[in-house]
Amino acid sequence: MNSILQYFLPHENNNYRAKLLHHKSLLFVLIIIFCASFLIPALRFNFPSVLGISADISSQKLLLLVNQEREANGLSPLILNEKLSVAAVNKAKDMFAKNYWAHNSPDGKTSWWVFIKSSGYNYVYAGENLARGFDNTDNVVNAWMESPLHRANLLSQNYKDVGFAIEEGKLSGEDTVLVVQELGGQNPASLAYNPPKNSVKAVSTVSNKDYAVKGSLISSLSLSSLIDKTILYIFIAVLTLDMIVVERKKIVRFVGHNTDHISFFAMLIILIGILNKGVIV
């Protein structure tokens, strides 16, 4: 039997148990995972331009996607406002500086609207949406739209202006990308938007400065998740093949918990997916 196949298929040469499922192989895989847990952070520290935080998010695309959602719901498109963008940047920097992830600072003295007011934007209506740990613009807007409170902010007819910030930094010791959206309205008599028939679709206005994060060539978080999932998928495949071969050849075993192991690995994959998903507040 091919020596490589012995690692994946049960056979008399490997005592009818794929070598990958033997204790020595499992120990070797655990050692590789343990070493990788130190190697990836070291590479991220020494080669940040290659391996680090990577997020393809820009304020220009955020504006485009948000306005598409508003126009689909009969609302006027938002206009990117430089003062609100400055407020968003200041809010993001404040969260990194004070190490918090919320609309209000830990001491309760700095609320989100303080940044809007200090930027010089005189509002009648104001709101804020936050996102953290997303790797692209579409996922940010989709997450906001799936949340009732964030969706209400995006689709409020009270807002006419918007500002964005996409900032990279450390929060609770973890490298991450924060997205801040500040919404404002200066007209107390806001009305629903009714575009004329056969009109050209509204084009979003973008300020001179476009806040964006592209990041490293390879995302360390995505790479870690990919490695973990690949290893788990391989074990699930081997366990499945093991079950099929054992069943077909009527091999008798005193111990066999392949189904339990497959379920366990599947739950680990789901957990990895949940832990690597961004969050909003």
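**Entry 1: strands 4 and 6.** I looked up the pairing of strand 4 with strand 6 and found that they run antiparallel over eight bridges, where helices (H or I, at least four residues) and strands (E, at least two) are DSSP runs numbered from the N terminus, and two strands pair if DSSP finds at least two bridges between them. I noted one of these bridges, in which Ala 131 has Val 179 of strand 6 as its partner. Strand 4 is mostly covered, since I found seven of its eight residues listed as buried; buried means under 20% relative accessible area, exposed over 50%, and partly exposed in between, with a 1.4 Å probe and protein chains only.

**Entry 2: what I am looking at.** I keep in mind that this is a predicted model, in which local features need pLDDT of at least 70 and side-chain atom pairs count only at pLDDT 80 or more, while totals for chains, interfaces and linings use all residues. Residues are numbered from 1 along each chain as its sequence is written, and side-chain values use heavy atoms, with hydrogens and water left out.

**Entry 3: helix 3.** I then turned to helix 3, which covers residues 82-98 and has 17 residues. Its buried residues, among them Leu 84, Val 89 and Phe 96, pack against several elements, including helix 4 (112-118), strand 4 (125-132) and strand 6 (174-185). At the start of helix 3, I found a side-chain oxygen of Asn 81 within 2.9 Å of the backbone nitrogen of Lys 83, and after the helix comes Asn 99, with a positive phi near 55°.

**Entry 4: salt bridges.** I counted four salt bridges in the structure, each being a side-chain nitrogen of Lys or Arg within 4 Å of a carboxyl oxygen of Asp or Glu. One of them joins Lys 98 and Asp 94 at 3.3 Å, N to O; because these two are four residues apart in helix 3, about one helical turn separates them. Lys 98 is partly exposed at 36% relative accessible area, whereas Asp 94 counts as buried at 12%.

Another joins Glu 167 and Lys 93, with the closest N and O atoms 3.5 Å apart. Glu 167 lies in strand 5 and Lys 93 in helix 3, so this pair ties together parts that are 74 residues apart in sequence. I noted Glu 167 as buried, at 15% relative accessibility, and Lys 93 as partly exposed, at 46%.

Conventions: The expected span of a helix is 1.5 Å times one less than its number of residues. Contact means heavy atoms within 4.5 Å. A polar contact is a pair of N or O atoms within 3.5 Å; within protein, one must be able to donate a hydrogen and the other to accept it, and residues adjacent in sequence count only if both atoms are side-chain atoms.
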